[in-house]
Amino acid sequence: MADLGEGGGGGGHKKGPGVKKGKKLNTRVDLTPMVDLGFLLITFFIFTTTMSTPTVMKLFLPKDTEKPEEQNKAKESGALTIMLGKDRNVFYYEGILADNGSNFKSTDFKGIRDVILNKKKNTDPKDLVIVIKPSKDSKFRDVVDALDEMTINDVKRYALVDISEPEMQLINATQGVAPATPQQ
Amino acid sequence: MGRPKIARKSTWVDMTAFCDVAFLLLSFFILTTKFKAPEAISVVTPSSVSSKTAEDQDQCLVTISPDGRVFISYSEEERRMEVVDDLNKRLNLQLSEADLKKASKAEFFASSLSTLKSFVNLPAEQRNGKSLPGIPCVDSTHNEVTEWIASTSSVFLGQKLNLMVKGDKDVPYPIFKNVIDAFKKNDQMKFQIITNQEPIPAGSPLSEKQRAGEKLSD
């Protein structure tokens, strides 16, 4: 198969008359099928090899302290609180939540990056702290995405905090669902 | 007036070299292929921009399935035995020497502490992730993951421990919170979340940093 036509004859030049020679056997082996097989197996192994090795995201938790003087303080001006709601909804407010909820805004994972970048531009890097508050309805993926957003936007100080009741109520009001439907 | 004769050349191509290359590549791929270890349960991990690869030694892996069941596995067999032994002594689970041996063969643990004895005695083929209840981790008062992590920290005391969480992307947050609360209670403040790598979004501060050649933090 590696040659075209020409029969199986091998490299015969004509022998002169009367020259009798023992028939030389052609020792050339056609390797084409073997190559075929080789590449077939290669393709198999390429496709079955797991290309994506899992990566890890490191997370350091702060120690919970009871004493208020040991707790990390965040300056009001530099704080941005991000809340994760149901169906990948994201809510945020800057500083302290107003009593009437006037600074409570809603966005999604695409919009939150601009919010963070804006906040970063307008605040002293020393004071910037982002508080992530996942609600009961949020999924693990949302939390990881939010933490990832901190890496992407190069935010040095951020915290994972439990959501408070007024915030939960505001989220429920915005999402238009009955408060706290237990999952499964 | 004959046409000039064109010498008929043989079209035979020597395949030997080609064959050599094919099999060289083949052996390379065979040797580098790592077959996926049998997993407790299949989970789809969320993605992050982190590019650090997971270490596969000295690990204590907490897997959370999409329906919120929690599994614990250890990479080393002797560690499994030591952790179960510690649990046994501390909480008086009445496991025998033979049970401990069997526990070291278990790829993962997925039962409450009270049924741990029958769990380790299950035949290996019945030990699949679909039917097992998982480690109870409902709320802060009934969280057995805390006990597991407590034993893990005492077994790994002074040694390197890669504490990892592998959760499905659809795990409800409260379950994940219970798991990290269990870590916190045992002063395990450092852990890793297993993710899939995704590209860094263009134009973000991280991609600028990367372009500037700065080392990316983990």
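**Note on a predicted two-chain model**

1. Leaving aside residues up to four places away in sequence, E76(A) touches G95(A) and I96(A). This is a contact in a predicted model. E76(A) sits in the loop between β1 and β2 of chain A. Is E76(A) buried or exposed? E76(A) counts as exposed, because it has 10 C-beta neighbours inside 10 Å, and the cut-off for exposed is 12 or fewer. Another part of the chain can be located from here. The C-alpha atoms of E76(A) and V129(A) are separated by 9.3 Å, although the two residues are 53 apart along the chain.

2. Next, the sheet of chain A. Five strands make an open sheet with mixed pairing, in the order β4-β3-β2-β5-β6. From one strand to the next, the twist averages 25 degrees.

3. Strand β2(A), residues 79-84, and strand β5(A), residues 129-134, run parallel. Six bridges join them. Which residue of β5(A) stands opposite I82(A)? It is I132(A). When following side chains here, remember that in a regular strand they alternate between the two faces of the sheet.

4. Now the contact between the chains. On one side are 44 residues of chain A, and on the other 54 residues of chain B. Within chain A, α1 (32-48), β1 (55-60) and α3 (140-152) each supply at least two residues of the side that touches chain B. The largest share, ten residues, comes from α1(A). By class, this side of chain A has 21 nonpolar, twelve polar and eleven charged residues.

5. Strand β1(A) pairs with strands of chain B. With strand β6(B), residues 190-197, β1(A) runs antiparallel, and six bridges join the two. With strand β2(B), residues 52-53, β1(A) pairs in the antiparallel sense over two bridges. T55(A) stands opposite T195(B) in β6(B). In β2(B), its bridge partner is T53(B).

6. Chain B has a helix pair to inspect. Two packed helices are described by the angle between their axes and the distance between the axes. The axes of α2(B), residues 77-91, and α5(B), residues 145-155, come within 9 Å and cross at roughly 115 degrees. The crossing is right-handed. From α2(B), the residues that meet α5(B) include R79(B), V83(B), D86(B) and L87(B). Among their counterparts in α5(B) are E147(B), S151(B) and V155(B). By class, the contact has four nonpolar, three polar and five charged residues.

7. Two loop residues of chain B call for a check of backbone angles. Most residues other than glycine have a negative phi. D58(B) has a positive value, near 50 degrees, and lies in the loop between β2 and β3 (59-64) of chain B. D58(B) is partly exposed because 15 other C-beta atoms lie within 10 Å. N92(B) also has a positive phi, near 55 degrees. N92(B) is in the loop between α2 and α3 (97-105) of chain B. Why does N92(B) count as exposed? Because N92(B) has 8 C-beta neighbours inside 10 Å.

8. Last, confidence. Chain A averages a pLDDT of 75, and 74% of its residues score at least 70. In chain B the mean is 80, and 91% of the residues reach 70 or more. For the complex, the predictor gives an ipTM of 0.74 and a pTM of 0.72.

9. Two stretches of chain A need caution. Over residues 6-12 of chain A, pLDDT stays under 50. Over residues 178-184 of chain A, pLDDT also stays under 50. For residues 6-12 the model has four contacts beyond four places in sequence, and for residues 178-184 it likewise has four. Where pLDDT is low, the predicted coordinates should not be read in detail.

Technical notes:
Residues are numbered from 1 along each chain as its sequence is written. Chains are lettered from A and ligands numbered from 1 in the order in which they are written. Two strands pair if DSSP finds at least two bridges between them. Helices (H or I, at least four residues) and strands (E, at least two) are DSSP runs, numbered from the N terminus. Axes are lines fitted to C-alpha atoms, for helices over the stretch in contact, and angles run from 0 to 180 degrees between N-to-C directions. pLDDT is the predictor's confidence in each residue, from 0 to 100. Two residues are in contact if their C-beta atoms, placed from the backbone, lie within 7 Å. Ala, Val, Leu, Ile, Met, Phe, Trp, Tyr, Cys and Pro count as nonpolar, Asp, Glu, Lys and Arg as charged, and the others, Gly among them, as polar. A residue is buried if 20 or more other C-beta atoms lie within 10 Å of its own, exposed if 12 or fewer, and partly exposed in between; C-beta atoms are placed from the backbone. A crossing is left-handed if the near helix is turned anticlockwise from the far one by less than a right angle, and right-handed if clockwise.
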